[in-house]
Amino acid sequence: MDVEVKVEGQLGAITLSALQEVLGNLNRLLKGMGGGEEWSLTGLNEGSALVAVRPLDREDGEVGQRLLTVVRELEERPEIPAFEDEVTIRRVADLTGLVGKRGVSGLRVRTDPRAPWSQAASLTPAVRVHALQALHVKARARSSFRGRLDKVNLRSKTPQFSLYNEARRLALRCNTTDEEVIEQVKRHVGEVVVARGDLSRNARNQPVHLRVDQLRVVQGPRRQASVEDWAGASPDWTSGLTSVEFVRRQRGATANEDGE
């Protein structure tokens, strides 16, 4: 399923740098929401800034639908949508930040080419405001979070990973500088763990980020990570699945809250 993005504005006014930035932000957003796969250009209308993209290696309609849901929920309220983490929300804010600049008067997203653009999800200024509010830290405290370890990025300046708690419909981005924790992360991708450290929360009391200094495994893996899984030090390892797909395949596992 294609994701179509319409860059609204007067022809001749939208700058090439604005279009380039839209595509760059869109690429980072979609790759982050999926399994890290590349997206390819499948449509580019002449005479208008209308771009269609899809995953390069597989058909996947879920990422596009998730993106629409995220945009629509952020337009309504300053909350992190279910199963999304701060990275996705920040990239939505970056994408929306172009509206009103360099000839871009609006951005709309749809996944059904038959649907009228009036029914598409619109990346309005309210989406950006609510996204930034959802990421704004109002409180920090020592706490713990239980979830399945996924989306590992050890190539970042500060190693990062995400935890997914199915029962609470939460995703939490974590980072760590602790060498022992980093080694545990390498060994336990896909397992349920309890991470402890400095937890940041927003004004809605949602967890936003966890700086981890302790990690404890509470459930063994469904399967062992192979050498191929780690080949190239892939930053977002989910066995080729999107994060939500990966979590849903593990519904038999318990993911209850621990320490919060």
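## Basis of the description

Two strands are said to pair if DSSP finds at least two bridges between them. Helices (H or I, at least four residues) and strands (E, at least two) are DSSP runs, numbered from the N terminus. The model is predicted: local features need pLDDT of at least 70, side-chain atom pairs count only at pLDDT 80 or more, and totals for chains, interfaces and linings use all residues. Residues are numbered from 1 along each chain as its sequence is written, and side-chain values use heavy atoms, with hydrogens and water left out.

## The barrel

Five strands form a closed barrel in the order β6-β7-β8-β10-β9, with mixed pairing. On average, neighbouring strands of this sheet are turned by 50 degrees against each other, direction ignored. Such angles run from 0 to 180 degrees between N-to-C directions, and axes are lines fitted to C-alpha atoms, for helices over the stretch in contact.

Strand β9 (residues 192–201) and strand β10 (residues 207–217) run antiparallel and are joined by nine bridges. Within this pair, Ala195 stands opposite Leu215, and Gly197 stands opposite Val212. The hairpin of β9 and β10 has five residues between the strands, and Asn205 there takes a positive phi near 65 degrees. On β10 there is also a parallel pairing, with strand β8 (residues 170–175), over three bridges. Here Asn175 stands opposite Arg211 of β10.

Helix α5 (residues 179–187) lies across β6 (139–153), β7 (160–165) and β10, and runs at about 85 degrees to β10.

## Helix packing around α4

The axes of helix α3 (residues 86–96) and helix α4 (residues 125–135) come within 9 Å and cross at roughly 150 degrees. The two helices are therefore roughly antiparallel to each other; angles under 35 degrees count as roughly parallel, over 145 as roughly antiparallel, 65 to 115 as roughly perpendicular and the rest as oblique. The contact (heavy atoms within 4.5 Å) involves Glu86, Ile89, Arg90, Val92, Ala93, Asp94 and Thr96 of α3, and Val127, Arg128, Ala131, Leu132 and Leu135 of α4. These residues divide into seven nonpolar, one polar and four charged. In this classification Ala, Val, Leu, Ile, Met, Phe, Trp, Tyr, Cys and Pro count as nonpolar, Asp, Glu, Lys and Arg as charged, and the others, Gly among them, as polar.

Helix α2 (residues 62–76) also meets α4: their axes come within 7 Å and cross at roughly 80 degrees. That makes α2 roughly perpendicular to α4. Val71, Leu74, Glu75 and Glu76 of α2 make the contact with Ala126, Val127, His130 and Ala131 of α4. By class, five of the residues in this contact are nonpolar, one is polar and two are charged.

## Individual residues

Glu21 is found in helix α1 (residues 16–33). With a relative accessible area of 33%, Glu21 is partly exposed; buried means under 20%, exposed over 50%, and partly exposed in between (1.4 Å probe, protein chains only). Its C-alpha atom is separated by 9.4 Å from that of Asp94, 73 residues apart along the chain. Leaving aside neighbours within four places in sequence, Glu21 is in contact with Leu98 and Arg102.

Arg102 is found in the loop between α3 and β4 (106–110) and is partly exposed, at 35% relative accessible area. The phi of Arg102 is near 50 degrees, a positive value in a residue other than glycine. Lys151, in strand β6, likewise has a positive phi near 50 degrees. Lys151 is buried, with a relative accessible area of 5%.
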